[in-house]
Amino acid sequence: MQKNYSRKNNLAGIIATSFMALITFNACAQNHQQNQQMVAVFNNISSNTVLLNNEAQLIPITALNQKNIAAVSLGFNYHTTFDSLLNKYAKVSSFSSDAYMASSTLDELEDDLKYFNLVIVALPVSAMNNPRNTSFINSLAKNKKIIVSLFGETGSLLAFDGITAPIVWANQNNEAAANAVPQMIFGGIPFTKKLTVGYSSKYTAGQGATTSQTRLKYTLPEDAGVNSDNLREIDNIANEAIRERAAPGIVVLVAKDGKVIFNKAYGNHTYTNGLAEKVTDIFDLASLTKTTATTPTVMRLVEEHKLNLDTNIGAYIPRARLSPMNNIKVREVMLHQAGFIPFIPFHDYVKPGDYSRDSSAAFPTKVADNYYIKKGFFKDVMWPKMLNSPIRTRGKYVYSDISMYVMKEITERLSGMPLDTYVWENFYKPLGMQTAGYLPRNRFSKDQIVPTEQDNYFRKTLLEGYVHDQGAALSGGVSGHAGLFSSANDLAIIYQMLLNKGSYGGTQYFQPQTVDMFTKKQSDVSRRGLGFDRWDPDATKKYPSQLASPLTYGHTGYTGTAVWVDPAKGLVYIFLSNRVNPTVSEKLGSLKIRPRIQDAIYKAFEKGVN
C-alpha cells in the first residue's frame, strides 16, 4: 500500500510540475511520456467535471463585451492557476477571502465586488460548509450573476440546494483541475458528465448540462496527436535566430484543431537590457495590422452592404473625386492592383517647424516620447501626397501601404467611427482579446511592450510602444497598414475565429462565405486574397513555407512578425519578434527563420504522437 501511495505521489508531482509549465508556457512540456500521462489525467478530470444549474446557459460564457468579471477564491489553494487560465479568455480581476480574515463576515469583499456583473467563485469542498462562505455566496447571488466552482470529492451538495446559479463541480482538488475548470467555463473544453448518483434532494442522478467547445483549449501537443519531442526543432531554430542576432526576442505560438499546443518565448526585449521575453509580451505587428484590423473591418462592412468592392474610391471619399485614384475600384485596392506607388517617405517631409518636443494645441499628435507633430499634418501634408501620387501600374500586383491608408479612410467614413475604436468594440473586446489594439502606451507599461528600433534619424529615441512605421506614427499611431500591437494569445484568438469560418465563443462574427471570399485566391495576377496574403503556387518560392498547403493564408510584418492559417492542417501559426532592434536586420529573412519553424511544425504533425 505504501509503495502504491508513493507512486501516486510521484505521478502527482510530475503532473503538478508539468501543469505549471503548461500554465506559464515557459516550456513546451516536460517530455513525451510524461505528457501522455498528464493528458490522460487532465482529460479524465474534465470528462468527470459536471455542470449543474445551467438552464440559463450562462456557461460557456458569452458576450464578453458586456461582462466585467471577477474571480473570488474562498480558501482555494490553486487560485493562482485558476485565475491565470481565466485570463487567457477575458480580463478577470482576482480576489481572495484570505485578505478579509480579520472580519467575521465577507461583507467587505462583497462591497469590493460592486463594479462586477459576473463573479466566479472557487472553493474546495472543505470550505462549502463554512457559514461565512455560504452566506457570502447566497448574498452575492441575489444581485449578480455568479458561477460556483467546487473542487474535491463530496458526499453531499446539500449546502447548495438553495443556489440557482451554475455550479461546476470537479471531483479533484489539484493543479490539473484548477487548469481544466476555467477552460470549461469559457468553452475551451466541453462538459459531458452527468451525476451518476444523487447528492441532495435537488441534485439527483442524471443531472448535468452538456456544452460544446467554442473557444481555444490550452493543452499539450499530445492532446492534439503530436509528440512534443518532435517540436523541439522550434527551440533550435528560435535559439539560432537569437544567437545570430536576427532578433533579440521571439514568441512562437502553435494551435492545432482549436488547441494551443505550443507557446514559448525566447531571448530578451533587447540585446542589452536583459529583460526576458514573455509569452504575454506585446509586439508591434507592423503589416499584420492589414489583416487583423483593416481587413476584418472591410469584411464586416461588406456583409452589412455598406461597402461594395466593385465601387470606385471616389464614391466613398469626396476628396478623391478630383484625384488620380477616383475611378479605382475598392477590390483593386484590396488586391494591391490599384497602381499605387509602394511607399511615400512621409518623415522626409517633416520640416523643423512641424514638430515640437512638447505637446500643445498646435502640436497635439504624439509620434513618440518627446515628439509631437503639428495639428493637421495628415490632412494637409500626408493625405494630399497620397491622393495626388501617380497611378502607374494599375492592374499589376504592386504591394503598397497606400492601399490600407485608403481603406482606413473609406471604412471610417462608412462606419462613422475611428478604426481603432471600431475594431476594439466589434472584434477585440467581444472576442476576449486584452492586449490587441493601437496606442498600447495608453494602456500598458513599457515593460510589457517589446521595443523596436533605436530611431536615430527621425524620432531620435528608442521606440517603446510607439509604432515603428513612420507614416503610421505621423498619423497619430492609428493607421490601416500599421500601428496595431498585440500578444501572441490575442492573435491566436482572432485567427482561430477565421479558421472557424467566422465563429468563436458562441458568436458568429462573419458568415463562412465571407471568410472564404477574402482568404481564398481572388486575383488573376497574383497569389493574393482580399487583404490577405496567401500560399504561393510557385514552388521555387516555398512561400510561406515548403510544406504549407495551397489553402494557407495570413500575412507577415516588417518588424519581424507573421501569422499563417492552414485550414488543411487545422493550424494557426504565430511568430512575433522585434528584428528591427536595435536597427533593421535582414537575418530573419536570410536565415529563413519563420518558414523553417513552420516546416518544423508540419513535420511534427506528420510524425504524429508516437
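Student: Is Y422 buried or exposed?

Tutor: Keep in mind that this is a predicted model. In it, Y422 is buried, because its relative accessible area is 5%, and the cut-off for buried is under 20%.

Student: And what about F427, buried or exposed?

Tutor: F427 is buried too, with a relative accessible area of 0%.

Student: How many aromatic pairs are there?

Tutor: The count comes to 16 aromatic pairs. In one of them, the ring centres of Y422 and F427 are 6.3 Å apart and the planes sit at 65°, so this pair is edge-to-face.

Student: What kind of pair do Y543 and W564 make?

Tutor: Y543 and W564 are edge-to-face, with 5.5 Å from centre to centre and 90° between the planes. Y543 is in the loop between strand 20 (533-534) and strand 21 (553-557), while W564 is in strand 22 (residues 561-566), so the pair ties together parts that are 21 residues apart in sequence.

Student: How accessible is Y543?

Tutor: Y543 has a relative accessible area of 21%, so it is partly exposed. W564 counts as buried, at 3% relative accessibility.

Student: Which residues do ring pairs link into a cluster?

Tutor: F76, Y78, F82 and F151.

Student: Let's move to the core. Which residues touch the most other members of the largest nonpolar core?

Tutor: F82 and I185 do, in a core of 127 residues. Helix 14 (residues 488-499) gives the most to this core, with nine residues.

Student: What is I185 in contact with?

Tutor: Leaving aside neighbours within four places in sequence, I185 is in contact with I59, P60, I61, F82, I120, I147, S149, V168 and F191. Apart from this core lies another one, of 32 residues, including F95, W169, Y199 and Y203.

Student: New topic: how many cavities of 30 Å³ or more are there?

Tutor: The search of the whole structure finds five. Among the lining residues are K366, Y466 and F485.

Student: And which residues lie nearest the centre of the second largest pocket?

Tutor: Those are S287, Y399, D401, D469 and Y558, out of 25 lining residues. This second largest pocket holds about 460 Å³ of space, and its lining divides into 11 nonpolar, seven polar and seven charged residues.

How values were computed. Residues are numbered from 1 along each chain as its sequence is written. This is a predicted model: local features need pLDDT of at least 70, side-chain atom pairs count only at pLDDT 80 or more; totals for chains, interfaces and linings use all residues. Side-chain values use heavy atoms; hydrogens and water are left out. A nonpolar core is a set of buried Ala, Val, Leu, Ile, Met, Phe, Trp, Tyr and Cys residues joined through side-chain atoms within 4.5 Å. Buried means under 20% relative accessible area, exposed over 50%, partly exposed in between (1.4 Å probe, protein chains only). Helices (H or I, at least four residues) and strands (E, at least two) are DSSP runs, numbered from the N terminus. Contact means heavy atoms within 4.5 Å. On a 1 Å grid over the protein atoms alone, a cavity is a set of points where a 1.4 Å probe fits but cannot get out, and a pocket is an open set with protein on both sides within 12 Å along at least five of seven lines; lining residues have an atom within 4 Å of a point. Grid points are joined across faces, edges and corners, and a volume is the space filled by probe spheres set on the points. Ala, Val, Leu, Ile, Met, Phe, Trp, Tyr, Cys and Pro count as nonpolar, Asp, Glu, Lys and Arg as charged, and the others, Gly among them, as polar. Rings of Phe, Tyr and Trp (its six-membered ring) pair if their centres lie within 6.5 Å; planes under 30 degrees apart count as stacked, over 60 as edge-to-face and the rest as tilted.
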